[in-house]
Structures are given as structure tokens and as C-alpha cells.
Amino acid sequence: MSVLLSIEKVSKSFGGIWALRDVTFDVHEGDIVGLVGPNGAGKTTLLKICMNLLRPSHGFIKYKGLKITGLSPHKTCKLGISMTNQIPRPFKRMNCFENVLVGCLFGAGLKRNEAEREAETILEKVFLSQKKYTIAGELTVFEQKLLDLAIALSTAPKFLMLDEPLAGSTEKEVAQLVSIIKKLRDEGTTILWVEHVLSEVIENCDQMIVLNEGKKILEGKPQEIVNDTRFIEAYVGEENA
Amino acid sequence: MKLMWVRKMLEIRNVDVSIEGLKILHNICLHIEKGEIVSLIGANGAGKTTLIKTIMRIIKHQKGEIIFSSQKLDPYEPYQVVKLGISLVPEGRRIFPYMTVYENLQIGAYVPTKRKEMKKHVDWVFSLFPILKERRNQLAGTLSGGEQQMLAIGRALISRPKLLLLDEISLGLSPKIINTLYKTIKEINAEGVSILLVEQALRRALKFANRAYVMERGKIVWEGDRSVFNEDELRKKYFGLS
Amino acid sequence: MRLKSKSIMFSIVFMFFIIVIPWILQGYPLLFLLQLAINIAFAQSWNLGFSYAGLLSLGHALFAGISGYVTVVICNMGIPIYISILIGAFTSMLFAVVVSPLLMRLRAIYFAIGTLILCNAFQYWFMHWTEAGRALGLRLRMYPEYSLSNCYYLAWIVAFIATVLPWIIVKSKLGLAALSVRDDVDRSEAIGVPTLLVKTIIFAISAFIAGLVGGVRVAYLLIIEPTLAFSFEQSLWATLAVVLGGTGTLIGPILGAAVITSLQYALMNIPELSMLITGVMLILIILFLPRGLISIVKKILQPLRKPNTHARPPQRDQGTIKVLSNHKFPFSDCSESAVKDVCSFEH
Amino acid sequence: MSPSFLLQLLINGILLGGLYALLGSGLSLCFGVMKFFNILHGSFTLLSCYFIYSIFTSTGLDPIIASVILIPAYFFVGFCLRRYLIGRLATLDAVLIVGFSLTTVLRNIVLLIWGARPRGVYTSYSMLAFDVLGGVRISFIYLLCFIISLVGLFSLHLVLKKTFLGIAIRAVAQDPEMSSAFGVNPSLIKDLTFGISLSFIALTGGLMSTIYSFDPTLEIVFLTKAICVVVLGGLGSVLGTIVGGVVLGLAECFAGIAGAQYQAFVGTVIFLIIVLIKPKGFFGLYVE
């Protein structure tokens with residue numbers, strides 16, 4: 001499978017503190033890539049750099065072989081890159097349908113009727129058809145999370161970044177979200193999945209990358225990584241601390 | 001029974017916390033005895049910081065009760081909790097970056113009853129962290145990460161608390177500095193301050209604490225002391241693999 | 001469906017009355033209606049920027065002022081008044097487009113500060129500009145079409161445009177994008193909305209309407225002077241009227257403008273008192289009725305509606321942000337984090 | 001342009017700048033600590049001018065002394081306003097709209113009581129001036145205002161630096177949640193800060209009344225000038241505010257050579273330039 005997105009030596013510093021340091025890895029088309037690491041490892045920063053919401057201090061991102069760093073976010077989106085947010089950020093004063101419709105019209109560039117049909121399909125995909133005309137601000141937190149995902153999907157992404165979709169969800173909700181993610185993968189979307197709930201990532205991803213303190217410390221198949229001492233150390237602390 | 005009361009510094013009984021409709025803590029029970037170091041371990045997002053903030057009353061709990069030295073904390077606001085003798089070293093240090101080191105320490109003694117003895121306690125902090133004395137007139141934001149952490153701990157100690165809450169003090173620091181910090185924490189504990197230590201790093205936390213609680217997804221999934229701990233089992237709990 | 005046809009019916013009857021009135025009434029009441037139309041248009045113009053794109057402009061008088069001056073100059077050159085007004089409005093629009101790249105860098109309250117300062121600077125500039133007649137301003141020549149009823153029609157045409165234009169925009173793709181920008185700029189940028197462009201277009205249209213208002217006003221007053229044209233009070237007035245009536249609806253600004261204008265006419269001899277009452281009223285409204293007067297009207301109309309409202313998709317609700325712990329308030333987000341975050345993106 | 005003329009402008013600019021700094025300090029404090037833009041700033045300054053005018057014309061009390069007397073009253077009003085009205089509003093938008101309403105109310109109170117006619121406070125020493133260095137004249141009243149402004153600013157500096165209250169104010173500005181974890185009651189501190197901010201407005205208004213002839217349109221002038229000072233000097237420090245004030249004062253005096261219209265424009269130009277170069281640079285935290 002071909003490389004869809006490659007992160008090349010990306011570093012980012014915030015006022016002298018390095019959030020990311022020389023991170024390099026490739027994401028292959030059709031994969032689910034899990035990105036894990038303890039607090040403050042720089043995962044969200046990396047996603048924002050991929051989305052061009054932040055500009056890296058060094059290094060760049062290549063998408064389908066083209067350098068995309070430096071584009072404005074809305075242009076990045078039109079290339080087929082999209083992300084969800086850790087804390088759901090739907091458009092709080094618009095209803096669910098409109099929330100999704102905006103992305104279909106602008107991100108995916110569809111015509112009005114096609115966009116409306118597409119928006120309904122997407123809402124169905126995330127189990128929100130019932131709430132079509134509910135104002136986003138009045139949804140429960142979990143529904144907002146689903147809607148946030150729906151907004152990300154509305155731009156017809158080929159490469160989707162999920163920022164801790166499972167955080168704070170009950171087991172039932174986790175199952176629901178994981179089923180959506182699997183469905184997306186089956187439809188051919190490449191996914192970069194940042195997560196804390198390790199068990200789900202380990203079970204579902206094809207490739208796993210571990211960040212710690214801004215550096216990539218491990219990359220490989222999830223089963224190999226779980227048993228690697230470096231991975232355990234990153235979380236558990238060093239042996240002779 | 002009465003004796004038991006006195007020995008317990010802090011007791012958390014069946015506490016539930018929801019933030020904006022999202023339930024974060026489920027039925028938390030935890031207690032700290034006088035002079036103990038208790039550690040609270042868990043992965044990201046397990047709810048450790050939320051629990052700490054709940055003790056500090058920055059976040060209000062919906063169910064259950066928190067009792068500190070046989071006093072219910074429920075009616076208090078955060079700024080009143082300090083007066084009772086709980087002090088916080090927050091996650092991410094959160095020192096006041098645009099104030100000098102000395103002024104940061106002064107904030108620690110803001111409570112009127114503690115102001116009189118401030119000098120004495122500042123000297124104590126300076127003896128614990130000599131580097132702070134050297135930098136007393138420097139802006140706190142210009143300190144290195146380790147020094148900032150020391151300042152954050154020092155700031156919390158100025159009020160001479162009975163209970164010190166330490167939230168992820170090793171985050172982003174080099175092992176060497178972490179070791180020094182932990183040694184100092186032992187010293188502080190030896191002076192009679194009870195400590196609740198929040199950590200991600202399981203081994204280190206267990207090594208220093210008398211007892212430990214493991215949290216996962218807002219619940220306490222394991223408690224006990226060092227002697228009964230089985231690393232493999234715990235690791236599974238920790239990663240939520242079981 | 002029934003409601004829609006009802007409101008169309010209502011609009012037609014309303015328009016009929018507006019057209020017929022100059023034949024029945026003369027003088028004072030007509031003047032009131034003229035003023036009302038101008039005020040409605042101005043409130044709508046501000047509402048368009050604020051409710052549909054989150055642009056809290058505190059210098060909205062600027063656009064009316066610029067257009068007013070341009071109208072006078074053009075018309076005095078011998079060009080018909082209607083064309084002059086259009087040219088004036090387009091000048092305002094152009095000006096809005098020119099300053100947009102700069103102003104749009106500012107967010108929420110900073111945008112308000114920026115527009116406020118800009119408007120104030122223009123006031124000073126015109127106060128001291130010899131060619132523009134300094135503090136005395138400029139006089140418009142007595143153009144042939146000048147009559148009270150003509151001005152009246154002109155004002156209502158502008159009010160009509162000011163009401164219909166936002167309505168069309170909201171239904172369109174642009175309107176949807178603008179709403180998303182209002183709710184969350186960064187997120188809408190991240191899903192492919194060219195936010196700067198959207199904000200600029202909305203701002204420009206809003207400036208265009210304000211420009212029309214400025215032109216019509218000068219066409220009936222025949223004079224423009226800087227203290228009036230660029231007054232802070234006028235910009236504030238628009239804000240008060242819209243919030244009073246209810247933001248985010250088309251009826252709200254009309255209602256607000258109607259209430260304030262009536263109050264002004266009722267207390268004509270002590271104009272200060274009417275604004276004072278308005279101010280106090282607004283504070284009370286924010287405290288006790290954060291969705292504006294429109295919510296009272298809705299409540300009154302509620303029993304009149306047939307229960308089939310259930311089948312319709314519910315109206316877009318504009319109010320979600322809390323004012324008091326148990327109140328909701330229809331305003332753009334300018335929470336503490338937004339205040340810290342002045343500029344849109346890092347680069 | 002003779003050197004003595006330049007010197008004259010320089011001195012005028014600096015003297016005026018001191019007063020501008022005082023004007024900006026209240027806004028800067030308010031914005032820095034409470035993170036809300038006090039649109040009432042200009043209205044309260046103007047109101048203070050009118051109060052001083054009324055006190056002066058009715059009792060003949062010296063305007064400077066009168067403004068000192070006004071300070072506690074303003075402090076009380078500010079404290080109550082923040083405590084019982086502004087502090088109860090949950091969003092900054094609501095605060096802003098209440099601000100608009102109050103501006104309207106205050107403006108119309110002024111119009112009702114004093115009318116639109118320009119007023120001025122003319123004391124026995126209003127026209128007094130010294131000659132220094134051949135041809136350069138320093139107006140006594142400007143000098144007096146400058147000195148009082150500096151005294152006011154310096155005392156603010158001392159309070160912020162040396163007292164527990166000041167440290168608490170700065171802590172709340174930087175991190176309200178954390179300051180509450182150390183025994184500071186952020187809400188009370190904000191009430192006090194608003195009170196202090198208004199006290200400075202009272203003093204500024206008193207001093208302004210002796211220099212300007214004022215009418216109701218001046219509120220917006222005061223407001224925009226205060227904004228310019230804050231934008232220029234940042235919310236950084238009292239020192240920054242003084243720098244901001246002096247720069248604005250000098251810029252206005254020198255732009256005045258080109259014509260009166262440039263004088264008012266210069267503030268805007270400065271504002272726009274700062275917005276262009278450093279949109280995140282201004283309105284930071286209240287830091288020292």
C-alpha cells in the first residue's frame with residue numbers, strides 16, 4: 001500500500017519548550033494508525049500541525065507526495081484531510097443537519113441537493129438521524145462528540161485524524177464509536193487515531209506509534225509494542241527511578 | 001471509633017463528579033492517614049486531576065462527602081479550603097509566570113493567619129530548595145522546568161499545610177531532577193506533612209508511597225500497599241487491558 | 001406551511017399599508033414612519049453582521065457616514081439622487097472590503113474596539129477637513145424629486161432591502177458558512193470554509209445596507225455633519241435596538257427599532273429621557289429576558305398557533321450562551337479564552 | 001521650526017502624556033484583571049469632569065481637592081457595580097451589552113443634567129505659566145496634573161508591588177483558578193480592582209476637567225485615547241502605561257503641526273500598526 005501522509009522531521013516549540021522533536025513517520029493508505037503516549041507527549045500538537053492549524057518550527061508534512069505545510073486550513077481540508085477535536089466543537093447554535101451541511105458544501109464542495117443527501121447519510125452513519133433538527137448546543141456531551149465526528153466526515157476526508165474520541169465515554173459508547181471507526185476504515189478512509197484508552201487502539205489499529213515528551217520512541221505492530229520495555233517505561237516510569 | 005477519626009487526615013466517601021453532564025468520577029472512596037504518603041496512579045484521563053481539584057473544591061462534587069480533619073469540606077470555596085490546611089501543587093506547575101519567585105511564595109502565605117509566620121516558612125522552603133533563594137528576584141516564568149516545579153512545591157509549603165496534594169510533579173522533567181524532588185518530598189513528609197501524590201509512573205509512585213490507589217476511567221480499581229502489589233497485574237489494570 | 005402563508009399574507013397587507021399611508025397621513029406621523037424605516041434598516045444592517053457572522057461592530061455609523069458624504073458630493077455634481085445614493089452605498093461597501101483584512105485579524109471584542117476607533121478617527125478627520133466643511137458639514141442641493149413622501153418611499157424601500165437581503169443570505173450557502181463562522185471560526189476554517197472571505201462578504205453587505213441608510217438620511221435631511229454622521233451614539237443605538245428586539249431573527253431588529261423610535265417620538269421634547277429609558281430597559285432585559293422582546297411576542301403568539309408546529313422542523317434557536325446561571329443569552333462567543341486569543345491563526 | 005518650538009512640543013507632549021497614562025491605567029487594570037473591556041471608561045471619566053464642575057461652581061472647592069474627595073465615592077460605585085451587576089453576568093458578551101446600556105444611561109444623565117453646552121473649570125491658576133529656557137512656556141496646570149498623575153501611578157505601582165492585595169490582584173490576572181487555591185477570593189479581588197479602576201477614573205476626570213473644556217461627545221474621545229494608551233503600553237506594567245501615555249501625547253503634539261485632523265488620526269494609525277505587526281502583542285496579562 002502506498003504512503004498517504006508522511007511526517008518529516010517535524011519539530012515544534014512553544015516559547016522555548018519543545019512540544020515535538022524530529023518526529024518522522026509515514027501513514028499508509030487504508031490503515032488505522034494509533035498514536036499513543038502519556039500526557040504532554042505532543043500528540044494533539046502533531047494533529048494540529050497536520051491540519052495546518054499550527055505551523056511547525058522545523059520540518060514539514062507531505063500528503064500524497066506533496067508538501068502541504070504552509071497552506072491555510074481550509075485548503076488543507078479540501079485536499080481531503082480532516083480532524084475531530086478532543087473536546088467536541090460543533091457549531092453550537094446551529095442544528096445538527098446544518099452543522100454537517102456546512103462541511104458538505106464547503107469542505108467536500110458538493111452541490112446543494114447532493115450536499116443535503118450526503119449530510120443525511122453522514123448523520124445516519126453516526127447514529128444522529130433522530131436529532132437532525134436539534135440544536136447542537138443542546139445535545140448531550142456524547143452526542144456532541146458524535147456530531148463533531150460527523151462534521152469531520154462531512155468534508156469527505158481521505159485522511160481522518162481522531163483526537164481522543166473515546167475519552168470519557170462509557171463502555172457502550174466506546175463500542176458505538178469503535179464500530180463507526182471500523183466502518184470508516186472499511187470504506188477506505190485512512191485514520192490517525194490518538195487515544196488514551198489503550199486497549200481499544202491495540203485491538204483495532206494496524207500500526208502504532210508511541211510518542212513521549214515530543215519524541216517518537218516506538219513504531220510498529222501493536223502487539224509488538226505492548227510488550228516492549230520502552231513502551232512500558234514511557235508510561236510506568238523507569239526501573240531505577 | 002473516635003480515635004480512628006483523628007487519625008484520618010482526609011476521607012473521601014462515595015464521591016461522584018460530573019462536569020457538564022459528563023460523569024467523570026464514579027463512587028470514589030479514598031482516605032489518607034496522618035503522616036502518610038499515599039499515591040494515586042492512573043493513565044491519562046483516568047480522573048486523577050479531577051479528584052485533586054474536587055478535594056480543593058475547585059470542582060464541586062454532586063454526591064458523597066469529603067471530610068478533612070473531621071470537618072466536611074462541602075460548604076467551602078477553594079479559597080477557604082487553604083485556611084483549613086490543604087495545599088495544592090497543580091498539574092503543569094501553574095506558577096504565576098510574571099511574578100518574581102519571592103512574590104510567588106508570598107501568594108502561598110496570602111491567608112491572613114499565615115502571613116505572620118511567612119518569613120520563617122520562606123526560610124524553610126529556601127533551605128529545602130536552595131536554588132530558589134538564589135533566584136528570588138527573578139521572574140518565575142524564566143525559571144527552568146525543574147526550578148518551576150520546585151517553586152510550585154515551595155509555594156504550596158509556605159502555608160505550612162497539614163496535607164499536600166502533589167499533581168504529576170514529574171511531568172516533563174529529567175530523571176535526575178525527579179529524584180531530587182522525590183527526596184525532598186520525603187523530607188517534607190518527615191516534617192509531618194501528609195501527602196497525596198498523583199503519578200502516571202507506577203513504579204516510582206509505589207516506591208515512595210505507603211499506600212497506593214489505582215484509577216481507571218474515573219473509578220478506583222485497586223488499592224493496597226507496596227507489599228501486596230503485583231506489577232504485572234497492576235500494569236494490566238493500568239492500561240485497561242484486563 | 002400554514003404559518004408561512006400566514007406570514008406572507010401579513011407581509012402583503014403590511015406593504016399595502018405602507019404604500020397607501022402617504023395618501024392618508026401627512027406631516028408628523030409620516031415623518032415618524034420615515035424615521036422608523038431608516039432605523040429598521042440600520043438595525044437590520046448591524047444585525048446582519050452580528051447575528052449571522054458574529055461581527056460586533058461598534059463603529060457602524062462609519063459606513064452610513066461615508067456613504068452620506070459621498071452621496072452629497074455626487075449629487076451636488078448634478079447626478080440624480082437615486083444614483084448618488086447607490087454610489088455612496090457602494091463606496092461604503094468598498095471601504096468595508098478595504099479595511100476588512102485588517103479588522104478581521106481581530107476577534108470578538110477586539111473587532112469592536114477596532115471599529116470603534118476607526119469610526120472615531122473618521123469623525124475627527126471630517127471635523128477638521130476643510131473640503132468636507134469641517135464641523136458644519138455639507139449641504140445637499142435641493143434636488144427635483146425632493147418631497148416628504150418620496151423620501152418616505154425611499155426609506156421603506158431601503159428598509160425592505162435591508163430585511164430581505166439578510167433573509168436571502170441566511171437561506172444561501174454563504175449564510176450557512178457565516179453561521180458556522182459565528183459559532184466557531186477555527187473549526188469552520190478546518191472544514192473548508194474560507195472564513196476570511198465569508199466574513200468580508202458579510203461585512204461588506206452589512207456596510208452596503210448601512211450605506212443606503214446613510215444616503216437616504218442625507219436625502220431627506222439635506223445636510224450631513226460629522227458629529228451626527230459618525231456618532232458613537234448611533235452605532236450604540238443599533239446595538240441597543242437589536243438586542244432589545246432579539247438577536248438572530250429578522251423580526252427582532254424591526255421590533256427593537258419600532259419600540260425605541262416610538263419612545264423617541266413619544267418623548268420628543270426630552271430626547272435624553274427616551275434613550276435613558278432604553279438603556280435601563282435593556283439592562284432589565286438582559287437580566288430577565290435575555291432573548292429580547294421577541295420572546296414575549298412569541299409567547300403571546302404561541303396559543304394562536306395550531307398544534308401542528310410539532311411536525312415542522314423547529315426554528316433555529318439562537319440562544320445558547322448563559323448569562324446568569326439559569327439564563328440563556330444569544331451572543332457570540334467571547335469567553336475568556338477567546339479574549340486571550342486575539343488573532344485568528346498563528347501564521 | 002525653531003528648536004525652542006520643538007522643545008515646547010516635547011514638553012507639552014510629555015506633560016499631556018502623563019495625564020493620558022493616568023487615563024489608560026484604569027482601563028489597563030480592568031482589562032488585565034477582569035478580561036473585559038470596560039466601555040464605560042469614557043463615560044465615567046466624563047461624568048467625573050461634570051461632578052468636579054458642579055462642585056467647583058457651587059462650592060468653589062478647588063477641583064484637584066474635589067477630585068480627591070470623589071475618589072472614595074467612585075471606588076464604592078465601582079465595587080458595587082461589579083459586585084451586584086457585572087459580576088453576576090456569566091458571559092463577557094452580556095457584560096458588554098450591559099456596558100453599552102450603562103453608557104447610554106450615563107450619557108443621557110449627563111445630557112439631562114448638564115446639557116450639551118461645553119463646560120470648563122476655570123480656577124485662579126488656570127492661566128498661570130512659567131517661562132523656562134527662553135521662549136518655552138510651561139503651563140502650571142499641566143505641570144500640576146502631570147505631577148499628580150505620576151504620584152497616582154506611582155502609588156498604584158507600589159500597591160501592586162508591595163502589598164498582599166497587589167500581589168493577589170496580579171495573581172488573579174494571571175490565573176484566577178490557581179490563585180483561589182492559595183486563599184485568594186478571585187471574585188472579591190475583581191470587585192476591588194474595578195473599584196480601584198474607577199477611583200483612577202475619578203482622579204483622571206478631575207484633572208481633565210481643569211485642562212479641557214468638555215461636552216458630552218468627549219466620552220468617546222476619552223475612551224479611544226485610553227484604548228490607544230493601553231494598546232501602546234500593553235497591560236504589562238504601570239511603567240508600560242506611562243510609556244504608552246507619553247508616546248501618545250508626543251505623537252499627538254507633533255502630528256498637530258501637520259493639522260488638527262492628523263492629531264486625532266495619529267492614535268488610530270498607531271492602533272492599526274500594532275494590530276498589523278503584533279495582534280497578539282497587546283492586551284496580554286496584567287503583569288509586572
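Six strands of chain A form an open sheet of mixed pairing, in the order E6-E7-E8-E3-E9-E10. Strands are DSSP runs of E with at least two residues, and helices are runs of H or I with at least four, numbered from the N terminus; two strands pair if DSSP finds at least two bridges between them. The model is predicted: local features need pLDDT of at least 70, side-chain atom pairs count only at pLDDT 80 or more, and totals for chains, interfaces and linings use all residues. Residues are numbered from 1 along each chain as its sequence is written, while chains are lettered from A and ligands numbered from 1 in the order in which they are written.

**Sheet of chain A**
- Strands E6 (81–83) and E10 (215–220) of chain A stand at the edges with a single partner strand each, so one side of each has no neighbour in the sheet.
- From one strand to the next, the twist averages 15 degrees.
- Strands E7 (159–163) and E8 (190–194) of chain A pair in the parallel sense over five bridges; Met161(A) has Leu192(A) in E8(A) as its bridge partner.

**Helix pair of chain D**
- The axes of helices H9 (218–233) and H11 (260–277) of chain D come within 10 Å and cross at roughly 40 degrees (axes are lines fitted to C-alpha atoms, for helices over the stretch in contact, and angles run from 0 to 180 degrees between N-to-C directions).
- H9(D) and H11(D) are therefore oblique to each other (angles under 35 degrees count as roughly parallel, over 145 as roughly antiparallel, 65 to 115 as roughly perpendicular and the rest as oblique).
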